[in-house]
Amino acid sequence: MIRALYTAASGMSAQQTNLDTIANNLANSGTAGFRQRQVQFEDMIYQNLITPGSAETQQTLSAGLQVGLGTKTAASEVIMTQGDPNNTGNQYDLEIQGAGFFQISLPDGTIAYTRAGNFHLSSQGTIITSNGDTVLPAITIPSNAGAVTISQYGVVTAMLPGQTNAAQLGTIQLATFPNPGGLSSIGSNLLQQTAASGNPITDSPGGTSGIGTLQQGYLENSNVDVVAEFVQMILAQRAYESNSKVIHVADDMYSQINGLVR
């Protein structure tokens, strides 16, 4: 029964982590560019009461008797499916259609990555995030510029006074990774490179490296499927309750044994 208690307790702990992850997914279902996470489980150690393959007689081998000792959360994988487009009409809102991440310069000089393209202009006219971090490569829009156009290939142009043709102000570049699921979430809709993600590959949108294109005036919604997350939440709750019931039954059995001893 000690094994049953340990196993059930590990299951409750794993499902608590699963529920926390589901709650975070649901909380960010309205966050632009958010990538949901999915918990992966794996079984723990086993106790060999009878080793599989051991000889029962000279003619037969035992199938073995192994008792598992619970489960644990092995990983929290970032799901990289595309979110639905949201037409905002804001000329500095950008949606990535396909693979890739915007590159963001953080105050400490490191580079972070995001799918959220809800950008603005700083007081100097530089394209920045809602937290004031610069989008790389840095592009400055003159204060006297007319309508700003950002093509699907990332080329930023604007009409300037006294010119008949639009002036090219720069090109937004995107980054992709060999394993984007290995990126580390650091909050504020930002991800950072890890050894698991591999090194970034930068290119212009629509380039030969397989990076997607841009859509001006749109944002990418989160890829959280609210209905599916509610289903997973119910399954996590049922699994938690089942493990709790195992602990309750084991406690009752201990009580009965103690009663017999008296």
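Modeller: What follows covers a sheet, the cores, some ring pairs and a few single residues.

Biologist: What kind of model is it, and how are residues numbered?

Modeller: This is a predicted model, in which local features need pLDDT of at least 70 and side-chain atom pairs count only at pLDDT 80 or more, while totals for chains, interfaces and linings use all residues. Residues are numbered from 1 along each chain as its sequence is written, and side-chain values use heavy atoms, with hydrogens and water left out.

Biologist: Sheet to begin with. What is the strand order in the open sheet of three strands?

Modeller: The order is β12-β13-β14, with antiparallel pairing. Strands here are DSSP runs (E, at least two residues), numbered from the N terminus, and two strands pair if DSSP finds at least two bridges between them.

Biologist: Which strands stand at the edges?

Modeller: β12 (148-150) and β14 (167-171) do; each has a single partner strand, so one side of each is left without a neighbour in the sheet. From one strand to the next the twist averages 25°, taken between axes that are lines fitted to C-alpha atoms, with angles running from 0 to 180 degrees between N-to-C directions.

Biologist: How many bridges join β13 to β14?

Modeller: Four, with β13 covering residues 155-158. Ala158 has Ala167 in β14 as its bridge partner.

Biologist: Now the inside. Which residues have the most contacts in the largest nonpolar core?

Modeller: Phe102, Ile141, Ile172 and Leu214, in a core of 24 residues. A nonpolar core is a set of buried Ala, Val, Leu, Ile, Met, Phe, Trp, Tyr and Cys residues joined through side-chain atoms within 4.5 Å. Buried means under 20% relative accessible area, exposed over 50%, and partly exposed in between, using a 1.4 Å probe and protein chains only. β6 (94-97), β7 (101-105), β12 and β13 each supply at least two residues of this core. A second, separate core has six residues, including Tyr113, Ala175, Leu183 and Leu191.

Biologist: What is Leu214 in contact with?

Modeller: Leaving aside neighbours within four places in sequence, its contacts (heavy atoms within 4.5 Å) include Leu94, Phe102, Ile150, Ile172 and Pro205.

Biologist: How many aromatic pairs are there?

Modeller: Three. Rings of Phe, Tyr and Trp (its six-membered ring) pair if their centres lie within 6.5 Å; planes under 30 degrees apart count as stacked, over 60 as edge-to-face and the rest as tilted. Phe101 and Phe177 are edge-to-face, at 6.1 Å centre to centre and 65° between the planes. Phe101 lies in strand β7 and Phe177 in the loop between β15 (174-176) and β16 (184-187), so the pair ties together parts 76 residues apart in sequence. Both Phe101 and Phe177 are buried. Phe102 and Phe119 have ring centres 4.9 Å apart and planes at 85°, so that pair is edge-to-face as well.

Biologist: Which residues do ring pairs link into a cluster?

Modeller: Phe101, Tyr113 and Phe177.

Biologist: Different topic. Is Thr114 buried or exposed?

Modeller: Thr114 is buried, at 3% relative accessibility, and sits in strand β8. Its side chain reaches the backbone oxygen of Asn189 at 2.6 Å. That is a polar contact: a pair of N or O atoms within 3.5 Å, where within protein one must be able to donate a hydrogen and the other to accept it, and residues adjacent in sequence count only if both atoms are side-chain atoms.

Biologist: And where is Ser197?

Modeller: Ser197 is in the loop between β17 (190-192) and β18 (201-203), buried at a relative accessible area of 0%. The side chain of Ser197 reaches the backbone oxygen of Thr194 at 2.9 Å.

Biologist: Back to Asn189. What is its phi?

Modeller: Positive, about 65°, although Asn189 is not a glycine. Ser188 also has a positive phi, about 60°. Most residues other than glycine have a negative phi, and most peptide bonds are trans. Ser188 is exposed, with a relative accessible area of 54%, whereas Asn189 is partly exposed at 27%.

Biologist: Which residues does a cis peptide bond join?

Modeller: Leu136 and Pro137, with omega about -10°. Pro137 lies in the loop between β11 (134-136) and β12.
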